[in-house]
Amino acid sequence: MIPLKDQELIREKFAQELLGPVKIDLFTERELGITVPGRQPCQYCKPTQEMLQEIAGLHPMISLRLHYMEDNPPEAATYGIERVPGIVLRGMNGYHLMYYGIPAGTEFPSFLETIADVSRQEILLSEDSLKKLEKVTAEVSLRVFVTPTCPYCPAMARIAYQMTMANPNVSSEVIEVSEFPELGERYGVKAVPLTVIADRVSIPGMVPEAALVEQVVKAAESVLATPEQVEG
């Protein structure tokens, strides 16, 4: 899956940058080998598993666990995973970061950087952003819709993850929208990146960190709306 030359570069990167354990949970489905009427097989589950197994094999501080959704694993409810392939990254501080789909293309380098962030417990947000995020005491969700060819998506995804690392009341998930077109239709995704805050405000394109933090703080101060109230 990952070329051997690239694996060696990633191994060197992890050796230099990883400081603490990173746990990866992959929620997937079993390959049945047969066609089941009414069931659409998961096209990206197998390559996602292969990619994560290769990543986990590049450093002893990275561990990978597989969970099959048809077994109704309790971890799915714990982390709020509703579809496959679903990836959860966890460090030592109790928060978890979610990614739906295969982190390929432009998302792959950012995914590796996030693994390093989680391992180092490194928060890169400005002091002003951190102070504002301290005000978030209610749970606020961030959904960042991306595609593997989008040059601006990785930066938005990483900012969302950084917010969760700074304050676990902000839950963040990155969604590869071409793998989940029903979510793209539900949230009116016409272009990426698209960031949906608390299922009520959608922000298109790349925006500065300070602007996104401000919207998250406002959402935390208001009553959360239903998904049908998403507005552009």
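## Strand β3

Gly86, Val88 and Arg90 point one way from β3, Ile87 and Leu89 point the other way, and all are buried (under 20% relative accessible area, where exposed means over 50% and partly exposed lies in between, with a 1.4 Å probe and protein chains only). In a regular strand, side chains alternate between the two faces of the sheet. The strand covers residues 86-90 and is mostly covered, with five of its five residues buried. Strands here are DSSP runs of E with at least two residues, and helices are runs of H or I with at least four, both numbered from the N terminus.

## Basis of the model

The model is predicted: local features need pLDDT of at least 70, side-chain atom pairs count only at pLDDT 80 or more, and totals for chains, interfaces and linings use all residues. Residues are numbered from 1 along each chain as its sequence is written, and side-chain values use heavy atoms, leaving out hydrogens and water.

## Pairing of β3

Two strands pair if DSSP finds at least two bridges between them. Strand β1 (residues 22-28) runs antiparallel to β3 and is joined to β3 by five bridges. Ile24 has Leu89 of β3 as its bridge partner.

Strand β4 (residues 96-100) also pairs with β3 in the antiparallel sense, over five bridges. Tyr100 in β4 stands opposite Gly86. A hairpin is formed by β3 and β4, with five residues between them, and Gly94 in the turn has a positive phi of about 95°.

## Helix α6

Helix α6 (residues 153-166) has 14 residues and should span 20 Å at 1.5 Å a residue, which agrees with the 20 Å between its end C-alpha atoms. The expected span is 1.5 Å times one less than the number of residues.

The helix α6 is mostly covered, with 11 of its 14 residues buried. Among them are Cys153, Pro154, Tyr161 and Gln162.
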